[in-house]
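Please look through the structure shown here.

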Amino acid sequence: MNVELIDLSPCKKQLRVDVPVEKVDETFERVAGQFRKQANLPGFRKGKAPKDKVVAAFSNQIGEEVKKQLMSDAYERALKEKDIEPVTQPDVEEIQFAKGEPLQFAATLEVKPVFELPEYKGLKGQRERVEVTDTDLNKALDALRDQRAQYENVERGVQDNDYVVVNYSGTSEGKPLTDFAPTARGLTEQNKYWLHVHAEAEHDHFIPGFTAQLVGAKAGEKRDVSVEFPEDFVSKDLSGRKGEYAVEVVEVKEKQLPELNDEFAKGWGAESLDKLREGVRNDLETDRRNKAESDLRAQLLETVIDSTELKDLPESVLAEETRSLVYNIVQQNQQRGIDKAEIERNKEQIYANANMAARDRVKLAYIIQAIAKAEEIEAKQEEITAHIVQLAQRNNMEPQEFFKKVQETNGVPEIVNGILHDKVAAFLVEKAEVEEIDPTPPTEDDHSHSHSHG
């Protein structure tokens, strides 16, 4: 058999294969013999019909079977001979096939990129030291108290930081706000709506300056409130407009936090306040340790990606990954309530972003596979099974049923890649030169809890 390898691009090859006439004829003989054993021809017992009659009766089927066997066998052998790992099904053109002639065909396929791995042992990385201060612990406990807060009705006038339940209707230039912003129904009219009162306009979660104008009002009182919608307001159609609201205060509520005591701790399943503190501290430490670890892994993988010379990637693999990322971005946008027209307008930007991210992901996948091969790191059968069981639980499915679905969608390689990713990242950490650094102080946003009560 003669095989010629033509480079169409770094990741695209063509194999031109020539199978000698002897091999072709020998396969014809063998297949015709197999057909004869099975053939039912009128006037002959099964398997006893003369060969020439069988060949005449089934010539098309025999030809197809011979071609299928020869091509699949020759293709596999050509891949081995040229040491090629395809990443896609080949695109095969048949050039010549007939009995008594050599078989010639060309297979165009995409292959894994060939590249040099950079030095990946002894990389430098930084890991944040894990420490949980008393302030952190108290903030976390306050967040738990917050979740069990009671809102008590009070007879007095509204004060800063109270909660009010209001009915309101809003207009601008004397017309309902929906005339200017058809989708802003909730901003135009609400009944029994909860608001958190902030005397400082910039902290108002609703419309800056709205709740400050309710300070002093008692339950049952009506107030007129004037606002100006900020330029960066959620509802674009109202940005920069002035609005007037007729507001009726239905209830004034004061937030009461439960006391931190053993009773409170039992409500969270701990036997005492000390035990609850200990549990919360452990949770915070675990969270921070996991975050520090995953930040370090991300740094090291980033370093490896940046120092690997790998520009050419298989087009079809890149296209597939880009498609899947575009789909995810569009879904996220729709869940965030961005309308179809807006998504359509940003189509090219979405595609460009997805394509860049896909390039990094595909590149990283090949780098991970190469390191795994070099270090003999593999995904063991029990790890694959454990991973499938975990995913099944997350999707509320029976493991068997989930596994069937994974097989149908050809998802096993993806699971294997996920396991290799984790193991290679852990290997890089183990071999890295890691500097422990002080934790960055958490930002205020980490602890602000906004409340909405339906």
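**A helix pair and its chain**

Helices α8 and α10 are oblique to each other, because oblique is the class left over when angles under 35 degrees count as roughly parallel, over 145 as roughly antiparallel and 65 to 115 as roughly perpendicular. The model is predicted: local features need pLDDT of at least 70 and side-chain atom pairs pLDDT 80 or more, while totals for chains, interfaces and linings use all residues. Residues are numbered from 1 along each chain as its sequence is written, and side-chain values use heavy atoms, leaving out hydrogens and water.

The axes of α8 (residues 315-335) and α10 (residues 347-374) cross at roughly 130° and come within 8 Å. Axes here are lines fitted to C-alpha atoms over the stretch in contact, with angles from 0 to 180 degrees between N-to-C directions. Contact means heavy atoms within 4.5 Å. Residues of α8 that meet α10 include Val317, Leu318, Leu325 and Ile329; on the α10 side, Ile350, Tyr351, Ala354 and Val362 are among them. By class, this contact has 12 nonpolar, 3 polar and 3 charged residues.

The chain has 13 helices and 12 strands, taken as DSSP runs (helices H or I, at least four residues; strands E, at least two). Its radius of gyration, over C-alpha atoms, is 35 Å, well over the 22 Å that the globule rule gives for 454 residues, so the chain is more spread out than a compact globule. That rule is 2.2 Å times the number of residues to the power 0.38. The C-alpha trace spans about 110 × 60 × 45 Å along its principal axes. Of the 454 residues, 32% count as buried, meaning under 20% relative accessible area with a 1.4 Å probe.

Key
Ala, Val, Leu, Ile, Met, Phe, Trp, Tyr, Cys and Pro count as nonpolar, Asp, Glu, Lys and Arg as charged, and the others, Gly among them, as polar. Buried means under 20% relative accessible area, exposed over 50%, partly exposed in between (1.4 Å probe, protein chains only).
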